[in-house]
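Subject: Handing over the two-chain model

Hello,

Here is the structure I promised to pass on to you. Have a look at it first, and then read on for what turned up in it.

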Amino acid sequence: MSGVVDVTRRAPEKLTFLQRLYIPEILRGMAVTLRHLVRNLADRRRLPTIEYPEEKRNYSGRFRGKHILKVRQDGTLKCVACYMCAQACPAECITIVAGEHPKIAYEKYPVVFDIDMMRCVFCGFCVDACPKDAIWMTRNYEMAFLSREEAIYSIDRLRETPEEIQIHGYGYRPYYPGDGTTPPADASREPVLPGDGERELLRERGVPLPDRDPGPGPLNAPSQAAKTAP
Amino acid sequence: MTVAEAPVLSGPAEKLAARLAGSPLSGRASVAERDLPTVEVEPADWPETARFLRDDPECRYDLFLDLFGVDNLKRRGQRTRFEAIAHLHSLSRGERVRVRIPLPDPEKPSIPTVTGVYPAADWFEREMYDMYGFDVPGHPNLHRLLCHDAFVGHALRKDYAPGQRWFYAEEDFRMPDWARETDERAGHFETQTISIGPSHPATHGIIHIIARLDGERIVRAETMIGYLHRCFEKMSETHHWNGVIPYTDRLNYVSAMINGVGYVRTVEKMLGIEIPERGRLVRTILSEFSRIMDHCVCIGANLVDIGALTNFTYLYQNRENIYDLIEACCGARLTVSYVRVGGLAIDVPDDFVPRCRKLLDSIPGFLDDVEKLVTNNRIVRNRLAGTGVVSREQAIAWGLTGPMLRASGVPYDVRRARPYDFYDKFDWDVPIATTGDNFGRYLVRMEEMRQSLKIIRQALEIFPARGPVNSDDWHVVLPPKDAVYHDMESLIYHFKLVMEGIRVPVGERYEWIEGANGELGFHAISIGRGGPYRLRVRPPCFPSMAAFEKIIVGGTVSDAVATLGTLNIIAGELDR
């Protein structure tokens, strides 16, 4: 605690003759601005101006940009359509329609997962709310649309792709490297009975799966899946 | 309940009850002890009570802070459907009181005006009339304030259907009565009524001023606001306690962090939880940085308005640098959403302290440059000194707080008057100016930035290197992600918190902090749901803007532009 300071005394009420003369004050002002100019010219790297879009601001790894839906090793979405992100969203911009997944370990999956990027306020509450490590954010802030419909991003634009991460990088996420959090186990590594036809069912429903050799792939062969696990 | 049979009271409430018992109001006003001493009066007795509370030598509640309505339609145990709540503060005694005025008639609620006692009540009463439809007999200019004139219904009533749309056409525009009347000197070619704004570069947001000029001088003016009204208070009633936080960022968007801190403090007080020291220090440090940003924007923009462009770049450089720090902490520059009820969204990054120190080193240089360019500059002096003068008495009567009040010579700062977090442990000064003019406000803001730097420096000294930032109460704070992923019980807590929200005990509370441009208060009412039943914001620049039309009378239009800049109007907070 301390006192009260009267700042009126800091600036004398009457200006001195030289100050009222104005010319010396102009020169003093010019000295300040010239110093900035010379310094900026001497060291261009110190210039605070960012020449966007050629040059971009280096955002931190916590930047809250476009969302991505994380995928399991087999390419399916980690999302189990529990609606918790939709409930936590203060802008009510997430629309989910849940479907029953043929694979028991996955239980549910989102048939529709839409984020209206025009409504989204990029608060990161969905990331905080997700219990399955399924939704992260990236440092991608360049989203431009020509229509309102285009601003509604569905699964195909939200699914994580290596290219997007390479260009923009991860942003706000539930845990960061080195903070001691163990991510939840990948359900695609859990054993399933062979021949339950889940891949076919998924293809029928239009869920894109990476092309693999026919036959008992790692998905349906628990022993192999366990071996290939990192 | 009368004073005679009041339950056991203590401290200020007891003194107030005794004082009221011996007054002409005896038997008509009752006192209860809540988070604040609460006086309850009938609407007919309200102006008399207000006068007593202001003039009585042992009360002296001279600063009128807030007046707002509450609709109790869906709230149990309330006597009347509508009530009005006022908050008054005594500058000399440092105490405050709440006045509850239950309005008995649910069909035609009516509350007499107190503008004769507290001129500051003017806009608050208009807002109440607009949002709740309370009739205010005796009010000099009872028109809608935030909603437009073609609006039908009263938006904050609980039975108002929120999906309705009311379109506003040009012919709905309401000219003030005095502007429509012909001036007695209308034949005089120099008398004219002009419209400044709503989209004018000097209005800092969208504000509409109707002014009558006699030559260059403004003889009468009226301000119209509400162009940026986004139903903050209505929206918060439909959200969870935590879900309101992103909305608070958009109140005073120049210092978003402070709004969030003010809001979560209210909820935390209702829950009765404490935040670890580290968490509170992060809030303090970033709030003070936000205050610096706010003052930088205010001074920078004000100087641009009066023609000094260079300072803007120096001051905004500080803001850029502070934004970088805030972005590294929470992932967004402007709309931070960093605080949560019970702590913070995420701990600060490892290099937080060095980054803060770097900022502490860089900011004073820019401030020095601005002072060199501005403080003894003759043009700036001519534009700012002696214009927009608010005397000490006027500042109090108009309910001003923050730098506006301090520039008029009243050393009232919430951080000093009612220290929260660690402000009582730090060594810092409250800057005041005695002139009350635009230049005084500039000087106060410049010094406040330096004091904020001083506070941050001391906060960094005691900043614990590691430790929790969040409360460990899992009924309030989301459990750590590691536990959610691997532990069933934590997942259940997580689920209950996200899906149902925090269970805040039934009750109401007003908490206030020092916002960047004055006292920022949140009055929350909980009925035990996951979200607020009613959330009232006391916006700091609302009374300053209400006073603007009085301050500028007698000055020129160019003085009005300079004055508007030093008021530091943030339309997001003004219109909510």
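B:Ile455 is buried, because 21 other C-beta atoms lie within 10 Å of its own; a residue counts as buried with 20 or more such atoms, as exposed with 12 or fewer and as partly exposed in between, the C-beta atoms being placed from the backbone. You will find B:Ile455 in helix α15 (residues 438-461) of chain B. Helices (H or I, at least four residues) and strands (E, at least two) are DSSP runs, numbered from the N terminus. Beyond its neighbours within four places in sequence, B:Ile455 is in contact with B:Glu288, B:Phe426 and B:Trp428, where contact means that the C-beta atoms, placed from the backbone, lie within 7 Å. B:Glu288 is 167 residues away from B:Ile455 in sequence, yet the C-alpha atoms of the two are 7.6 Å apart.

Before going further, a word on conventions. This is a predicted model, in which local features need pLDDT of at least 70 and side-chain atom pairs count only at pLDDT 80 or more, while totals for chains, interfaces and linings use all residues. Residues are numbered from 1 along each chain as its sequence is written, and chains are lettered from A and ligands numbered from 1 in the order in which they are written.

Now to the helix pairs of chain B. Helix α9 (residues 310-330) and helix α10 (residues 352-374) of chain B pack at an angle of about 170 degrees, with 9 Å between their axes. That makes α9(B) and α10(B) roughly antiparallel. Axes here are lines fitted to C-alpha atoms, for helices over the stretch in contact, and angles run from 0 to 180 degrees between N-to-C directions; under 35 degrees counts as roughly parallel, over 145 as roughly antiparallel, 65 to 115 as roughly perpendicular and the rest as oblique. The contact of α9(B) with α10(B) has 14 nonpolar, 6 polar and 2 charged residues. For these classes, Ala, Val, Leu, Ile, Met, Phe, Trp, Tyr, Cys and Pro are nonpolar, Asp, Glu, Lys and Arg are charged, and the others, Gly among them, are polar. Residues of α9(B) in this contact include B:Tyr314 and B:Leu325, and those of α10(B) include B:Leu359 and B:Phe366.

Further along, helix α18 (residues 541-551) and helix α19 (residues 557-567) of chain B pack at about 165 degrees, their axes 10 Å apart. α18(B) and α19(B) are therefore roughly antiparallel as well. Here B:Cys541, B:Ser544, B:Met545, B:Phe548 and B:Ile551 of α18(B) meet B:Thr563, B:Leu564 and B:Leu567 of α19(B). By class, that contact has 6 nonpolar, 2 polar and no charged residues.

Chain B also has strands to show you. Strands β6 (residues 191-196) and β7 (residues 208-214) of chain B run antiparallel and are joined by 6 bridges; strands count as paired if DSSP finds at least two bridges between them. β7(B) is also joined to strand β8 (residues 217-224) of chain B, antiparallel, by 7 bridges. The hairpin of β7(B) and β8(B) has 2 residues between the strands, and B:Gly215 in the turn has a positive phi of about 70 degrees.

Elsewhere, 3 strands of chain B form an open antiparallel sheet in the order β12-β13-β14. β12 (507-515) and β14 (534-538) of chain B are at the edges with a single partner strand each, so one side of each has no neighbour in the sheet. The twist averages 10 degrees from one strand to the next. Helix α7 (residues 256-271) of chain B packs on this sheet and touches β12 and β13 of chain B.

Chain A has 8 helices and 6 strands, and buried residues make up 28% of its 230 residues.

How do the two chains meet? There are 46 residues of chain A in contact with 48 residues of chain B. On the side of chain A that touches chain B, α2(A) gives the most, with 5 residues. That side divides into 24 nonpolar, 13 polar and 9 charged residues. A strand pairing also spans the chains: β1(A) pairs with strand β11 (residues 430-432) of chain B in the parallel sense, over 3 bridges. A:Asp6 stands opposite B:Ile432 in β11(B).

Enjoy exploring it!

Best wishes

Methods
Two residues are in contact if their C-beta atoms, placed from the backbone, lie within 7 Å.
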